[in-house]
Structure formats: C-alpha cells, structure tokens
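Subject: Structure handover

Hello,

Here is the structure for you to look at. My notes on what was found in it follow below.

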Amino acid sequence: MRHGALRALERIAQDNPDYRQMVVDAICAYLRTPYSAPAEEHGHLHAPLCPAGAGFAVPVADAAPAAAQGQPHQEHEVRLTAQQILHEHLHPGQRSWPLRRPAQSFWTDIGLDLTGAVLVDLDLSECVIGDARFTGATFAGVTLFRATAFTRDVDFTEATFTTVVEFDDATFTTARFTDATFASVAGFGKATFAGAADFTRATFTYNAAFTGASFTGIADFTRATFHSNAWFGAVPFAGDAKFTAATFIGNAGFGRATFAGDVDFTGATLPPAGETDLSAPSSWTDFAATTFSRGVPPELAPFVSPPPGGSLPDTGQ
C-alpha cells in the first residue's frame, strides 16, 4: 500500500508541475523516518513487496509499522522505490544512445532535504539537484553521485558513508563535508568545485581519490584525516588551499597539482618524501612537478625538489 501511495504521488507530481517540490518533500520526509537496514541474505536485500497468499487485506493502520512486524525487507523495498522515484525525475535524460528515459519526466529546480536519513544503495548519478541537505545522513551500501550536478548549496556535514561512495565527474557550487566520515573508498575524480569546498575534520578511512578534480574556490581540508592513500594528482587549486593540521597516514600524492592561491600545510603530518613506488613498504609524500604560484610554503620545502640547476621559488617569508 505504501508502494502504491508513492507511485500515486509521483503521478500527481508528473501531471501537476506546481506540486513537484511538495511531493519530493513528502518522499524525503518518508526517507527521514527512523529505519535500520536489514542484514543481507544471500548477497542481496530484496524480497517481494507482497508475499504469496498475503492478499491485499492489510489495514492502513497496520501498514506503516511493517518493519516492526517482522517485515524489514518489505520496508526496504518501499524505500528503494522512493529513492528510485527521485532518480527517475531528477535525471534530465540521456542525450546519447541508449535513451534511458524521456526528457519530459525530468523535474527541474528540485531541492532535497534528507537530513538524518538512512539511505541504502542510493544512486543519484547524472541527476540535477538544487539545494541538497544530507546533514547527519547515513549512506549504507554503495552510494553513487557520478556526474551529478548540484546547482546550489549541498551539505553533507556529519554524514557517514559506510561503504564505497563515488562523486566522480560531479559538479558542486558550495559543498560542505564538515566532520563527514568515509569508511571506505571515496572517489572525487574529475569532480568540479565551483565554490568553497569544506572538508574540515573529515575522516577518510580508506583511499581518497581527488585525482583530476578542480577547486575554484577555497579548498579547506583543515584537520582532515587520511588513514590510507590520498590522491590529489593533477588537481588545479585556483583558490586558497588549506591543509592546516591535516594528517596523512598513507601516501600523499600531489604530483602535478597546481596551487594558484595561498597554500597552508601548517601543522600537517605528512609521510617522508620518497620514491613514488606503490610496492614500497612505507608511505611517501609526492609533490613532483607541482606548481606553486605564490611560492612554496616553508613547511613543504623538504618535500619539493628544486628544478635542475635552480632553486626553490621564493616563499615570501
């Protein structure tokens, strides 16, 4: 019944554009209700929405607490449907073959409020989203924001990503990941941050891949902790870059990065400079072929080799 209600709301919004944000707000409110994802069985979480022989005689009053009545898998399926509706209507449509869905199903200028929600296997790849609040949300399963366009502010403050998350090729305006926890691989390859990017006190438990990403505004990684490898290779930092008191436990790769603004690694913990050999037993820091438009900060001088026959640029100190 809840599954049918969600699809009915979807049809109302599709036929009445003025109601679309209201319907999305209702779907988000449903996803914000308390929920614990069921444990996997045989490698998946899926179960029939209506088991054989159950019929349709379930009273409306008994439908909401289905998870409490021993039907966590049905609740999981309803939530997957809610997430799927968001994906279907925030996706502008494929422009190349194969055509995923008609463009007329796209709902423009939609914001999301999923504060504190528990989201399982969320896929909003290639979607276009306005304001988005994921503050304190928990992302279980694989989370995909590949090539997602956040056209206004997005807030992942204190969010927890329990497994792999991919933001590769995503575009952001102002992005906040303050105190966010990445428990597995975090992919930001070729992502574009048009405004400020705040990763203050973020924790990366496994590899953090920002290779090829671009930062137009301030990139703030103050007190961020990288427990495994951190890749910032070939990243252009057009604004100030703050890695104040950041901790790099694994390899710290900044080779071929470009720093156009002020750079601050004061108090940062970095592995020794060394050969960029992935098979080496110890971690290393790499600033090979890195460009500092405003001079090399004194704290990075031990890691930056002078050009052949020359010296390091003036630090301004």
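The protein chain has 317 residues, of which 45% count as buried (buried means under 20% relative accessible area, exposed over 50%, and partly exposed in between, with a 1.4 Å probe and protein chains only). This is a predicted model, in which local features need pLDDT of at least 70 and side-chain atom pairs count only at pLDDT 80 or more, while totals for chains, interfaces and linings use all residues. Residues are numbered from 1 along each chain as its sequence is written, and side-chain values use heavy atoms, with hydrogens and water left out.

The chain holds four helices and 30 strands (helices are DSSP runs of H or I with at least four residues, strands are runs of E with at least two, and both are numbered from the N terminus). Among contacts in the protein chain with a separation of 6 or more, 30% are between residues 24 or more positions apart (contact means heavy atoms within 4.5 Å).

The helices H1 and H2

Helix H1 covers residues 2-15 and helix H2 covers residues 20-32; they pack at an angle of about 160 degrees, with their axes 8 Å apart. Axes here are lines fitted to C-alpha atoms, for helices over the stretch in contact, and angles run from 0 to 180 degrees between N-to-C directions. H1 is therefore roughly antiparallel to H2 (angles under 35 degrees count as roughly parallel, over 145 as roughly antiparallel, 65 to 115 as roughly perpendicular and the rest as oblique). The crossing of H1 and H2 is left-handed, a term used if the near helix is turned anticlockwise from the far one by less than a right angle; clockwise would be right-handed. On the H1 side, Arg-2, Leu-6, Leu-9, Glu-10, Ala-13 and Gln-14 take part, and they meet Arg-20, Val-23, Ile-27 and Tyr-30 of H2.

The sheets

Strands of a sheet pair through backbone hydrogen bonds, either parallel or antiparallel. In these notes, two strands pair if DSSP finds at least two bridges between them.

Strand E24 (residues 241-242) pairs with E28 in the parallel sense over two bridges, and Lys-242 has Asp-264 in E28 as its bridge partner.

Another open sheet has seven strands, ordered E2-E5-E9-E13-E17-E21-E25, and its pairing is parallel. E2 and strand E25 (247-248) are at the edges with a single partner strand each, so one side of each has no neighbour in the sheet. Strands E17 (residues 203-204) and E21 (residues 225-226) run parallel and are joined by two bridges; Phe-226 in E21 is the bridge partner of Phe-204.

Phe-182 belongs to strand E13. Is Phe-182 buried or exposed? Phe-182 counts as buried, at 0% relative accessibility. Leaving aside neighbours within four places in sequence, its contacts include Phe-161, Phe-177, Phe-188 and Phe-204. The C-alpha atoms of Phe-182 and Phe-226 are 9.8 Å apart, and these two residues are 44 residues apart along the chain.

Two other residues

Ser-184 lies in the loop between strand E13 (181-182) and strand E14 (186-187). It counts as buried at 18% relative accessibility. Not counting residues up to four places away in sequence, Ser-184 touches Phe-161, Thr-162, Thr-163, Val-164, Tyr-206 and Asn-207.

Pro-236 lies in strand E23 (residues 236-237) and is partly exposed, with a relative accessible area of 35%. Apart from neighbours within four places in sequence, Pro-236 is in contact with Ala-213, Ser-214, Phe-215 and Thr-258.

Backbone angles

Most residues other than glycine have a negative phi. Asp-121 has a positive phi near 50 degrees; it is in the loop between strand E2 (118-120) and strand E3 (128-129), and is partly exposed at 41%. Glu-158, also not a glycine, has a positive phi of about 60 degrees. Glu-158 is in the loop between strand E8 (154-155) and strand E9 (160-161), and at 49% relative accessibility counts as partly exposed.

Cysteines

How many disulfides does a search of the whole structure find? The search finds zero (a disulfide is a pair of cysteine sulfur atoms within 2.5 Å). Cys-28 is buried, with a relative accessible area of 1%, and Cys-127 counts as buried at 1% relative accessibility.

Regards
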